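Trainee: Before we start, can you walk me through the terms one by one? I'd like each label set against its definition.

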Amino acid sequence: MTQQTPPRPGVEQAAPRLSLTEKASLTSGAGDFVTEAAPEAGIPAVTMSDGPHGLRLPKESGDGGQVDLHSAAPATCYPPAVALGSSWDPELAHRVAGALADEATAHGVRVLLGPGINIKRSPLCGRNFEYFSEDPLLTAELGGAMVRGLQESGVGAALKHFAANNQETDRMRVSADIDERPLREIYLRAFERIVRRDRPWSVMCSYNAVNGTPLSENTRLLTDILRTEWGFDGIVMSDWGAVRDRVAALRAGLDLQMPGTHGRTDAEVVAAVKAGELDESVLDTSVERLARFARRVTGAELAGPRMSVDEHHLLAGEAADRCVVLLKNEGDVLPLDRSGGSVAVIGEQARTPRYQGAGSSQVTPTRLDAPLDLLRELSDGAHVRFAPGYTVPGGAADASAAGTAEALGEEAVRLAAACDTVVVFLGLSAAEESEGFDRDHIDLPDDQLRLLERLVAANPRVVVVLSNGGVVRTAPWHDTVPALVEGWLLGQAGGGALARVLFGAVNPSGKLAETVPLRLEDSPSHLSFPGEEGHVRYGEGVFVGYRGYDSAARVVAFPFGHGLSYTTFAYSGLRVVPVGDAFSVAVTVTNTGRCPGREVVQIYSSGPAGSSVARPPRELRGFASVSLAPGESREVVVEVPRGELAHYSAREGRWRVEGGAYGIEAGSSSRDIRQSALIEVEGDPSDVALSGRSTIAEWLNHPVGGPLLMERFLAARAGAGAAGGAMEDPTMARFLAGMPLDVIAEFPQSPVGPAGVAELTALAAAGTPPGSA
């Protein structure tokens with residue numbers, strides 16, 4: 001494993017060797033995807049490229065100034081994050097990232113702009129295909145594996161988009177208005193985990209503002225939290241065009257404006273320093289960070305080419321195999337019989353596949369596998385016939401050449417009626433979901449839904465295969481088909497993966513990384529997405545994705561973590577054992593079916609009862625996968641750090657574990673819990689200073705104040721005071737729990753008078769135990 005290369009001795013201090021103008025020039029790009037060099041200070045230029053799921057070699061905008069989002073050269077297109085998220089396989093993500101680094105190195109690219117780890121707040125977000133999940137832990141495990149895979153191979157990662165970049169509507173101006181707890185627990189949590197553990201060499205700030213302050217000028221996020229609190233030691237670069245005020249951005253902690261502005265904003269920095277509006281030491285700090293970054297990425301030991309183009313394609317296919325999710329399979333319609341029977345393959349997307357999202361991450365693939373070709377190749381004795389059924393932009397079927405769209409439908413219906421099984425490919429086009437705009441709905445195209453209805457009427461033995469970068473609504477039509485496969489966008493080798501799954505050469509093991517709702521209106525963010533007048537209020541708080549669906553007990557089409565197999569698995573013997581500052585969660589999984597398979601074991605926690613904050617019924621705390629032969633059993637062990645049980649206390653400004661009984665659950669999805677246990681967890685002491693305005697409940701929950709107050713109640717009861725026994729009456733205890741102590745102090749026969757409030761507050765602050773005052 002290649003270690004991160006530290007800066008070379010003797011060249012650490014770059015700023016003293018540069019003029020003010022030279023220093024300012026380093027803080028913006030020399031071009032669209034290259035940084036400025038300063039050879040006299042030992043600072044080389046760094047070439048970057050888009051590349052969350054494949055290398056998009058940049059075309060500089062010099063060609064007529066036109067924006068061209070296509071790659072300058074072919075590269076392997078791996079499954080985008082929307083698919084890779086469903087693999088629940090960090091080791092696979094690590095291998096894919098290593099292969100991405102191979103191709104980057106071959107083209108002289110030293111920083112890949114990715115991975116994207118923003119949370120899927122709404123199914124409408126047009127860029128959801130670039131993000132892993134609605135859950136921050138799953139996102140961090142997969143995103144962190146990609147950071148390690150890139151940097152261990154000598155190519156820098158640019159973790160993006162920091163932060164709360166959860167929509168494309170008004171993306172360059174909108175303020176994401178988020179309370180502190182959801183900001184920390186949901187939208188910053190994956191960034192925090194990856195920065196602390198995996199040490200990315202750069203972070204890309206997003207276009208949007210958070211709570212009114214643009215990210216490029218957000219001192220609290222870029223400096224106070226990212227650097228001071230989390231210990232980030234890399235550079236912060238802007239998303240392309242995200243900087244509004246170059247001087248304010250530098251002051252906030254943004255090191256590199258991208259792309260370059262031909263010296264215009266460099267001059268603004270120089271003028272600000274000369275006018276005393278920007279302390280030159282601020283500029284020097286960024287220059288030293290940029291120098292360290294440039295030396296780090298250009299001096300890192302490269303792993304060197306490890307695979308050929310063909311081997312990269314094979315890896316892309318292996319990755320796609322893991323990403324396919326079998327949502328439904330009634331009557332074991334799947335896998336298809338390879339040795340005989342007839343299969344009607346319907347849908348232009350079987351012949352002209354959509355395999356990646358639209359926007360800045362578009363890859364020119366080295367080759368492209370169409371599902372139809374691979375189905376025919378794998379069919380053996382089965383007879384595979386095809387009808388396009390509908391048209392797609394750029395597809396081979398042309399409605400005018402074929403006659404009419406109605407004629408395409410008639411042809412498809414006739415074929416469906418004549419075959420044993422129908423496999424229909426449905427999905428979205430790039431015009432319906434892309435970077436740059438959000439979707440208006442989550443439905444499949446009307447022409448496809450009308451075709452599906454006719455096909456089911458002609459032959460009820462229908463398998464639907466979906467191709468989409470964001471969740472699509474499957475209700476109510478999913479009740480009319482016996483089998484449903486979520487194929488997402490699977491990269492250039494996805495056609496082979498779908499064929500292998502459909503024919504049973506690969507047993508599907510993908511699990512949903514996001515919830516599929518029955519209706520868009522059921523989404524927790526629905527009423528506050530995408531906002532208005534430049535602001536979007538994250539009104540659902542921490543109840544994002546499955547946390548919100550489960551808390552509201554909403555029926556969903558398919559829950560978070562769901563995914564079927566051609567075999568079955570049984571869980572038994574859950575054990576939870578404290579090990580140091582963590583819990584070892586072990587459960588035995590048995591393959592109870594007839595073929596080998598892989599199961600992803602998901603560990604959730606719930607509780608504790610009586611929590612001081614609102615909590616969802618369960619939250620993902622860890623996961624692991626196991627591959628088993630028929631009849632084989634194996635114990636799966638997942639370590640859950642105690643800190644994973646913490647919530648972020650906005651009042652105390654820190655993460656805090658509450659004491660009490662927590663539920664630990666092992667399941668096959670968030671709504672398929674197989675085993676559960678209770679564990680007692682000792683809580684962290686509260687940092688909140690008690691006062692007369694603190695409630696009785698807050699006093700009683702305090703490790704020092706609680707015993708002190710109870711001592712007064714017990715003393716009052718012994719003296720036959722009516723209020724002294726109030727805490728023994730459950731109804732009265734609940735009545736009093738929310739009342740401030742200084743209000744109760746005014747009651748007749750109160751165990752604590754006004755003078756006693758001040759006395760108790762002083763004793764609690766001093767940590768004085770009961771009976772010692």
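**Labels and the values behind them**

Mentor: Let's start with Asp 170, which sits in the loop between β3 (156–162) and β4 (175–177). Strands here are DSSP runs of E with at least two residues, helices are runs of H or I with at least four, and both are numbered from the N terminus. The model is predicted: local features need pLDDT of at least 70 and side-chain atom pairs count only at pLDDT 80 or more, while totals for chains, interfaces and linings use all residues. Residues are numbered from 1 along each chain as its sequence is written, and side-chain values use heavy atoms, with hydrogens and water left out.

Trainee: What makes phi of Asp 170 worth a mention?

Mentor: The angle is near 55°, which is a positive value in a residue other than glycine.

Trainee: Which peptide bond at Pro 259 is cis, and what is its omega?

Mentor: The bond joining Met 258 and Pro 259, with omega about -10°. Pro 259 belongs to the loop between α8 (246–252) and α9 (264–274). There's also a cis bond from Leu 334 to Pro 335, omega near 0°, and Pro 335 is in the loop between β9 (325–329) and β10 (342–346).

Trainee: On to helices. Why are α5 and α7 called oblique to each other?

Mentor: Axes are lines fitted to C-alpha atoms, for helices over the stretch in contact, and angles run from 0 to 180 degrees between N-to-C directions. For α5 (residues 180–187) and α7 (residues 219–229), the axes come within 15 Å and cross at roughly 55°. Under 35 degrees is roughly parallel, over 145 roughly antiparallel, 65 to 115 roughly perpendicular, and the rest oblique. Therefore α5 and α7 are oblique.

Trainee: And which residues make the contact?

Mentor: With contact meaning heavy atoms within 4.5 Å, α5 brings Glu 180, Leu 183 and Arg 184, and α7 brings Arg 220, Ile 225 and Glu 229. By class that contact has 2 nonpolar, no polar and 4 charged residues. Nonpolar covers Ala, Val, Leu, Ile, Met, Phe, Trp, Tyr, Cys and Pro; charged covers Asp, Glu, Lys and Arg; the others, Gly among them, are polar.

Trainee: What makes α11 oblique to α17?

Mentor: The axes of α11 (residues 309–323) and α17 (residues 494–503) come within 8 Å and cross at roughly 50°, which makes α11 oblique to α17. Gly 317, Ala 320 and Asp 321 of α11 touch Gly 494, Ala 497 and Arg 500 of α17. Those residues divide into 2 nonpolar, 2 polar and 2 charged.

Trainee: At what angle do α3 and α4 pack, and how far apart are their axes?

Mentor: Helix α3 (residues 90–106) packs on α4 at about 35°, with the axes 7 Å apart. Their crossing is right-handed, and the contact has 10 nonpolar, 3 polar and 2 charged residues.

Trainee: How many cavities turn up, and what makes a space a cavity?

Mentor: The search finds 5 of 30 Å³ or more. On a 1 Å grid over the protein atoms alone, a cavity is a set of points where a 1.4 Å probe fits but cannot get out, and lining residues have an atom within 4 Å of a point.

Trainee: What lines the largest cavity?

Mentor: It has 15 lining residues, and Glu 185, Arg 189, Arg 547, Glu 619 and Arg 621 are the closest to its centre. The lining of the largest cavity divides into 6 nonpolar, 1 polar and 8 charged. Its largest share, 3 residues, comes from β21.

Technical notes. 1 Å grid on protein atoms, 1.4 Å probe; cavity = no way out; pocket = protein on both sides within 12 Å on 5 of 7 lines; lining within 4 Å. Points joined across faces, edges and corners; volume = space filled by probe spheres on them. Left-handed = near helix turned anticlockwise from the far one by under 90°.
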